[in-house]
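Here is a short briefing to read alongside the structure.

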Amino acid sequence: MFTSAIFDLRLERNWEPGRLTAEAFRWPTSDPELPLRELATRLAPRSFADAGSPVVTPASVDSQSGGVRRRNKKYQGAVFQVGAELRSGDVLVPRLGVGPALLVSDHLRGALVAARFSALRPLEPELGLWLWGVLSSESGRRLRANLSQGAAVAAVEASVLLDATVPVPPLERMRRVTGPLRAIEDSTHVDEEEAVETWWQTTDLRATEWRIALATPDPSLLTAGVPLANFCGEIARGGSTRRLAIEEEAPGYLPVADVSMLGGKPPRRWVPQDEGNPTVAYPGDLLVAALGNLPHARVADAPVAADTHVLILRLRNPSLGPALAHYLNGQDAYRVRQMLTVGATIPSISATDIGRIPVPAAALEQADAHAAELPLAQRLEQVLWEN
């Protein structure tokens, strides 16, 4: 027997689907939960940044490592200043997307941080590291995804975030995980990718490659290691995926690896595996962004269809993939990549030039360590809920 009823949703506060999903969310622990507003207060930005100032935005934070990779010089608007509005122990939670939170420390001293973060100041100093870990873990990112609102651009309002409850374990257990959490947070202090500085010098362009001579005063950088092509059996460019792509996952379809996916975002499109002759990358292949300034290199862990702006490096020794990806995402390789990119408005790099990037022997010494390294969210999930 079925019954029906009519409800007036105007009298309901939490009828929005996202809020209902968030209310159904459960943390993977039995620890007591408290609303975030009882653990921290919200800070307001009091500074302003003009265009050209290096500003940390949510897009500056690498979703895999949790570290600040590159500051935005086009942002213009309200900012927090570390050392003025912000101090060590404050937690910065992205309002847009579900990327990692940032824990303010001396590592960010003097930095300008965009108001695209919600800045939280824990009421107790020991809570800062804990809240950073909880909100950056897989469970914390799931909660924030459920709390987000908006169709075109999903955002989490600070007031909604403060209403959410988070687990607060006994002080003894919180202190027991402080060491592992601190070690994980320290690992996010990576070298930032810097723009190539301008320089002036007189050089003889008759005896050298023009674009390299114009890009750097030290062309020997291109010979400071083994060319990346020597590690590859093939370097191929992905194919066009627009014609047959759909926007939802479906059986028999492969996710499309585009530049945004390599940067850590979830897949946006899927294409049929047996139709349209997609360029497929398999587990162990190294994927590198061919478009844009940032390298966004990562190893494929499942079959994906590479977009035309993605290069597939089929490695002779796939076990070197994590170490090579780690190197290509680092500062030294970034500087060489900047020498080889072409195009003023939208920089790009060719398969041939990717193969010219030199790989020093030191970049391969920690291959095993890089291979075992998990994304930040997974590492936090294991440490926080081990019991």
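Predicted model: local features only at pLDDT ≥ 70, side-chain atom pairs only at ≥ 80, totals over all residues.

Two packed helices are described by the angle between their axes and the distance between the axes. Helix α14 spans residues 376-384, and one of its partners is α3, residues 138-147. Helix α2, residues 127-136, also packs with α14.

**Helix α3 with α14**

- The axes of α3 and α14 lie 7 Å apart, at an angle of about 115°.
- Since angles of 65 to 115 degrees count as roughly perpendicular, α3 and α14 are therefore roughly perpendicular to each other.
- On the α3 side, the contact is made by Glu138, Ser139, Arg141 and Arg142. Helix α14 contributes Ala377, Gln378 and Glu381.
- Sorted by class, this contact holds 4 charged, 2 polar and 1 nonpolar residues.

**Helix α2 with α14**

- Helices α2 and α14 cross at roughly 120°, and their axes come within 8 Å.
- That angle makes α2 oblique to α14.
- The crossing of α2 past α14 is left-handed.
- From α2, the residues in contact are Trp130, Trp132, Gly133, Val134 and Ser136. They meet Leu376, Ala377, Leu380 and Leu384 of α14.
- The contact of α2 with α14 divides into 7 nonpolar and 2 polar residues, with no charged ones.

**Aromatic pairs and their cluster**

- Searching the whole structure gives 3 aromatic pairs.
- Phe25 and Trp27 make an edge-to-face pair, with ring centres 5.1 Å apart and planes at 85°.
- Phe25 counts as buried because its relative accessibility is 13%, where buried means under 20%.
- Trp27 also counts as buried, at 7% relative accessibility.
- Trp27 and Trp385 form a tilted pair, 5.9 Å from centre to centre with 50° between the planes.
- Trp27 sits in the loop between α1 (17-24) and β1 (33-35), while Trp385 is in the segment after α14, so this pair ties together parts 358 residues apart in sequence.
- Trp385 has 12% relative accessibility and therefore counts as buried.
- Phe25, Trp27, Trp130 and Trp385 form one aromatic cluster.

Methods. Residues numbered from 1 in each chain as written. Heavy atoms only, no water. Axes fitted to C-alpha atoms, helices over the stretch in contact; angles between N-to-C directions. Helix = DSSP H or I, 4+ residues; strand = E, 2+ residues; numbered from the N terminus. Parallel < 35°, antiparallel > 145°, perpendicular 65-115°, else oblique. Contact = heavy atoms within 4.5 Å. Nonpolar A, V, L, I, M, F, W, Y, C, P; charged D, E, K, R; others polar. Left-handed = near helix turned anticlockwise from the far one by under 90°. Phe/Tyr/Trp six-rings, centres within 6.5 Å; stacked < 30°, edge-to-face > 60°. Buried < 20%, exposed > 50% of the residue type's maximum accessible area, 1.4 Å probe, protein only.
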